[in-house]
Amino acid sequence: MRILGIESSCDETAASVVENGETVLSSVVASQMATHGKYGGVVPELASREHLRAIVAVVREALAESGSKLDDVAAVAATFGPGLVGSLLVGLTYAKSLCFARGLPLIAVNHLEGHIHAVLLEARRAAAGAPSGPELPALALVVSGGHTHLFEVTEGFQYRLLGKTRDDAAGEAFDKVAKLLGFGYPGGPIVDRLASHGNPQAVPFTFAKMKGNDLDFSFSGLKTAVLRWVEERGMQEEIAVRRALLRNRPHPTLEEWLAAAPRRTLDLLASFQRAVIRELLTRAAASAERIGARSLIVSGGVACNSGLRAAAQSATLPCPVFFPSPALSTDNAAMIAAAAFPKFARGEFAGFDLKAQANLTLA
Ligand code: KG4
Ligand code: ZN
């Protein structure tokens, strides 16, 4: 039973064919990094235009790579939110057209549920019948450029929101700090690579104390603390050097970045990353404890972070922790097709009046 998944909620046009909710036959992701990089963030109008350009070819490639024709597909699943409405509309409308033309059922998938299923998909595959995948109830930490959310996941894929960011998402904090320090966009991957060269104890960032729900996150204070640190130490000159480097070479190598990053900057990045990881793991562990979770699932672009992965492995957590492989951590369509699998089994199909919902919530 094959499902064609389509994802276009932000700046990646993606399509994938997944068999029986566990075997990824193809996963094609067309990134728009080159388009948005020079603006230091995603430009919504450009994103929808790029999706329009890419969608037909990306879906065709995903079908071809999986050795499937549309006749071999049992359903088409598409992300209908949350995300940029113009971007969502491209993938969703294309999915509807395929379904209409071929008489296929349409399955509506929430992007956040997709991120959670990226982990379940791989675990099902690895377990191959053995009960070693994430057990429920699970605590899911979805941590990306747009989200930092903690959900309880119970039988039948029911979700309950336990906490979320009140301001910036963790990935957004990585992106903003990288941008302010002259490291370009997206910031997460480069901060990750440089942080391992700095001293994470060098800058004593404080832990955000939350009034009200203590499982909520806040990253804007940390971003402001970095800005203040930069201003107090007069780091403008080295930042200008890095901005000039980026203008001449859109993708500097690690060595070029290291040559343009003095020790104090590497220390700042390492300390910033450590502070973000501490926020994430402390609240994830507390939530897992509170709900008696039998597993902890971490997913979304920031789940690629090697410091977070290492810290999660060595931390004393109340239950085993599961990460998706890096390719399934960032936005992709295999996770959308995987999330659609149980909906297909339940006959949960969407009508053609389904609307893209920019602010869709999972719980
Ligand atoms: O899940 P994703 O591809 O898109 C959203 O749904 O937002 O996540 C993208 C985010 C960006 O903010 C990017 O900087 C961050 O994930 N990211 C990372 C790493 N790789 C990507 N953050 C920290 N460390 C990384 N290695
Ligand atoms: Zn995402």
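Biologist: What are the ground rules for reading the numbers?
Modeller: Residues are numbered from 1 along each chain as its sequence is written, while chains are lettered from A and ligands numbered from 1 in the order written. In this predicted model local features need pLDDT of at least 70, side-chain atom pairs need 80 or more, and totals for chains, interfaces and linings use all residues, with side-chain values taken from heavy atoms, leaving out hydrogens and water.

Biologist: How many residues surround ligand 1, and which are the closest?
Modeller: A residue is near a molecule if one of its heavy atoms lies within 4 Å of it. On that basis ligand 1 has 19 residues around it. The closest are G145, D175, D192, G301 and N305.

Biologist: How do the residues of the shell around ligand 1 divide into nonpolar, polar and charged?
Modeller: Ala, Val, Leu, Ile, Met, Phe, Trp, Tyr, Cys and Pro count as nonpolar; Asp, Glu, Lys and Arg count as charged; the others, Gly among them, are polar. The shell around ligand 1 then splits into five nonpolar, eleven polar and three charged residues.

Biologist: How much of the accessible area of ligand 1 does the protein cover?
Modeller: Areas come from the Shrake-Rupley method with a 1.4 Å probe; for residues, only the protein chains shown count as cover. On its own, ligand 1 has 550 Å² of accessible area. The protein covers 90% of that.

Biologist: Which elements give two or more residues to the shell around ligand 1?
Modeller: Helices (H or I, at least four residues) and strands (E, at least two) are DSSP runs, numbered from the N terminus. The elements in question are helix 4 (111–127), helix 5 (170–180) and helix 6 (187–195).

Biologist: Where is the cis peptide bond between Y185 and P186, and what is omega?
Modeller: Most peptide bonds are trans. The bond joining Y185 and P186 is cis. P186 sits in the loop between helix 5 and helix 6. Omega is about -10 degrees.

Biologist: Which peptide bond is cis at P82?
Modeller: P82 belongs to the loop between strand 4 (73–81) and helix 3 (85–102). Its cis bond has omega near -10 degrees. The bond runs from G81 to P82.

Biologist: What is phi of N20, and is N20 buried or partly exposed?
Modeller: Most residues other than glycine have a negative phi. N20 lies in the loop between strand 2 (12–19) and strand 3 (23–31), and has a positive phi near 50 degrees. Buried means under 20% relative accessible area, exposed over 50%, and partly exposed in between (1.4 Å probe, protein chains only). At 37%, N20 is partly exposed.

Biologist: What is phi of F157?
Modeller: F157 is in the loop between strand 7 (148–154) and strand 8 (158–164). Its relative accessible area is 22%, so F157 counts as partly exposed. F157 is not a glycine, yet its phi is positive, about 55 degrees.

Biologist: Which side chain makes a polar contact with T79?
Modeller: T79 lies in strand 4. T79 is buried because its relative accessible area is 2%. The C-alpha atoms of T79 and N110, 31 residues apart along the chain, are 5.7 Å apart. The side-chain contact, at 2.7 Å, is with E7.

Key. A polar contact is a pair of N or O atoms within 3.5 Å; within protein, one must be able to donate a hydrogen and the other to accept it, and residues adjacent in sequence count only if both atoms are side-chain atoms.
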